[in-house]
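Please consult the sequence and the structure shown here while reading.

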Amino acid sequence: MRDEDAAVGEPTTPDYGAPTGADANLPLYGSKDSVVPIEHAVSDFDPKAAANVAARARAATRRAREAADRRRAKEARAEASVQAFRERRAREAQRAQARIDKADQARAERFRLAGRDPATLRPRVARRSSAARDRSARRRRLWGVAGAFILVAGVGTGLVVANLPESPPTSISDGLDWSSYPGVSDGESPSVLINERQEQIIAADTALVEAMAEALSEETGLGWNQSGIDTLTRQENDWGGTSMLSEWRSADWYTTEPITDLDTKARIIERARFVLAEHGYDGVQLVNDPVEGQGYNLDSDFGGSTLATQVIWRLQAKGNRFTDFELTITDLSRDTDGRFARAASETERQGGVPPNSVHFAVRSDRLLAASDEREFNERREPFVRKKAPPPF
């Protein structure tokens, strides 16, 4: 039988030739010369991961609890400080009222001498406007100079001046008793009526105080205390009566932390300027600045002729027609003769802000409540185009 016939119908194995084996010219897999190095198995399992997360959570909880405890302790100290200042301010108000009652007795006597019924006197409030106080001081100085001149003239001419009769002041002019004038001074009514009402101004002043404290804390890390409380009092007019206008004063905000670094002082002033601009204040002036300030004796008023030597820095600004803001930085480390320290200690003893502090406050006067506008116009109508007597 032929080989071709025997192969018919039986499977055959292909012949691939002899195996060639490894190529001696190629590097072995995993060797240092191999293109693909051996990849070692990597495990991402951390048996301490859960414990670490729990530990971090416990630490965060502890820090939050400690921060809350510190905050509550700080609030408690601040509340105690505020309460102490309130009690001290109440005692001062009682003493001030006693002085006013004594002065009212003298006023009643003057009214009696002028032929007026002292029962028509209205009770005075414990705080007069700063403008009225300034006018009274100027009048006292002028009368003092005039009296000295008369005395010298009398001596020079051989005249004897004794027991000069005092002409009692009067609130009567053009047949009107100006002690019942509803405003504070003559000629102010248009500005009072154009101005915003009392409610809007107090809200704006309160917002400024809060924004100022927050901004300066953010800028320097300062913490604030409060001396006294916000007050709203009726103002006395220039003729001894009680007006329909009020004066609002914020509490005094201050920090007991001394600020001695010039750069920090400058940052406080610039941040305060920015906040005032945001709230619509103009006429912002650093009055102790040798260039910017006007009308001050730098050495006597602020302790030096340059910013670097001054004890006091004072920033003043004007809001609406009758609103004023003032911020003061007192640095007693630059007080070479001790006079500022003595004055600051006396102020603190009387219930004011402590020495070595950053202090600010807002004051608005001649405020007319919206509910009083109609009555104010009715009561001022008889005084329109009438001549007012000299202020008391």
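Is aspartate 174 buried, exposed or partly exposed? The model is predicted, and in it aspartate 174 has a relative accessible area of 48%. Because buried requires under 20% and exposed over 50%, aspartate 174 counts as partly exposed.

**Positive phi angles**

Most residues other than glycine have a negative phi. Aspartate 174 has a positive phi, near 55°, and arginine 366 likewise has a positive value near 55°. Aspartate 174 sits in the loop that links β1 (172–173) and β2 (176–177). Arginine 366, by contrast, belongs to strand β10, which covers residues 358–367. With a relative accessible area of 9%, arginine 366 falls under the 20% limit and is therefore buried.

| Residue | Phi | Relative accessible area |
|---|---|---|
| Aspartate 174 | near 55° | 48% |
| Arginine 366 | near 55° | 9% |

In soluble globular proteins, nonpolar side chains tend to be buried together. In this model, the largest nonpolar core comprises 29 residues, and Met212, Phe325 and Leu327 have the most contacts inside it. Two or more residues of this core come from each of α5 (198–220), α6 (262–278), β8 (312–318), β9 (323–330) and β10. Helix α5 provides the largest share, eight residues.

Phenylalanine 325 shows which neighbours one of these core residues meets. Leaving aside residues up to four places away in sequence, phenylalanine 325 touches Leu208, Met212, Leu276, Tyr281, Leu315, Gln316, Ala317, Phe360, Ala361 and Val362.

Terms used:
Residues numbered from 1 in each chain as written. Predicted model: local features only at pLDDT ≥ 70, side-chain atom pairs only at ≥ 80, totals over all residues. Heavy atoms only, no water. Helix = DSSP H or I, 4+ residues; strand = E, 2+ residues; numbered from the N terminus. Buried < 20%, exposed > 50% of the residue type's maximum accessible area, 1.4 Å probe, protein only. Core = buried A, V, L, I, M, F, W, Y, C linked by side-chain atoms within 4.5 Å. Contact = heavy atoms within 4.5 Å.
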